[in-house]
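Subject: Structure handover

Hello,

Please find the structure below. My notes on it follow.

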Amino acid sequence: PMANYCELLYYERYHTDLVNGWWDNRIRFFTPQGWVDSTIYQPKTYEAYRDAVYLLGALMLDALRKQVGDGVFFAALDDYARSAAYGLAGPADFWAAFERQSDVDLSALRTLYLQYP
């Protein structure tokens, strides 16, 4: 999901006039459904996996950003990247970075997007 969301960050910085089009054509057009934490074995097709993990994942990251604010969002991503440097990181590491950076309750957001919140 982060790769897709980075596309949005690029458009926000360099082509602000194209941001809405990016959302409409790259994400919303596909009406993504499923769980962001799906494995490659759960959805029955590539498209269902892509929609659940990558496209819905971009929506989840955007909802997360809106909930915690830009400052916390980017601080948590920096925290996550630094804490995972030279190692493997998983979902618990991602959410732990947000817990370290903010006391915002993210349980409702996690329940909305994750099958294992």
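How many aromatic pairs does the count come to by the ring rule? The rule pairs rings of Phe, Tyr and Trp (its six-membered ring) if their centres lie within 6.5 Å, with planes under 30 degrees apart counted as stacked, over 60 as edge-to-face and the rest as tilted. The count comes to 12 aromatic pairs.

Before the details, the basis. This is a predicted model, in which local features need pLDDT of at least 70 and side-chain atom pairs count only at pLDDT 80 or more, while totals for chains, interfaces and linings use all residues. Residues are numbered from 1 along each chain as its sequence is written, and side-chain values use heavy atoms, with hydrogens and water left out.

Aromatic rings

The rings of Tyr10 and Tyr14 are tilted, because their planes stand at 45°, with the centres 5.2 Å apart. Both residues lie in helix α1, four residues apart, about one turn of the helix; helices here are DSSP runs (H or I, at least four residues), numbered from the N terminus. Phe29 and Phe30 make an edge-to-face pair, with ring centres 5.1 Å apart and planes at 90°. Phe29 is exposed at 61% relative accessible area, whereas Phe30 is partly exposed at 29% (buried is under 20%, exposed over 50%, partly exposed in between; 1.4 Å probe, protein chains only). One aromatic cluster is formed by Tyr5, Phe73, Phe74, Tyr80, Phe94, Trp95 and Phe98.

Core

The largest nonpolar core has 24 residues, and Met60, Leu64, Trp95 and Phe98 have the most contacts inside it. Such a core is a set of buried Ala, Val, Leu, Ile, Met, Phe, Trp, Tyr and Cys residues joined through side-chain atoms within 4.5 Å. The largest share of this core, seven residues, comes from α3. Leaving aside residues up to four places away in sequence, Trp95 touches Met60, Leu64, Leu106, Leu109, Arg110 and Leu114 (contact means heavy atoms within 4.5 Å).

Thr31 is in the loop between α2 and α3 and counts as exposed at 51% relative accessibility. Tyr86 is in the loop between α4 and α5 and counts as exposed at 89%.

Regards

Notes:
Helices (H or I, at least four residues) and strands (E, at least two) are DSSP runs, numbered from the N terminus.
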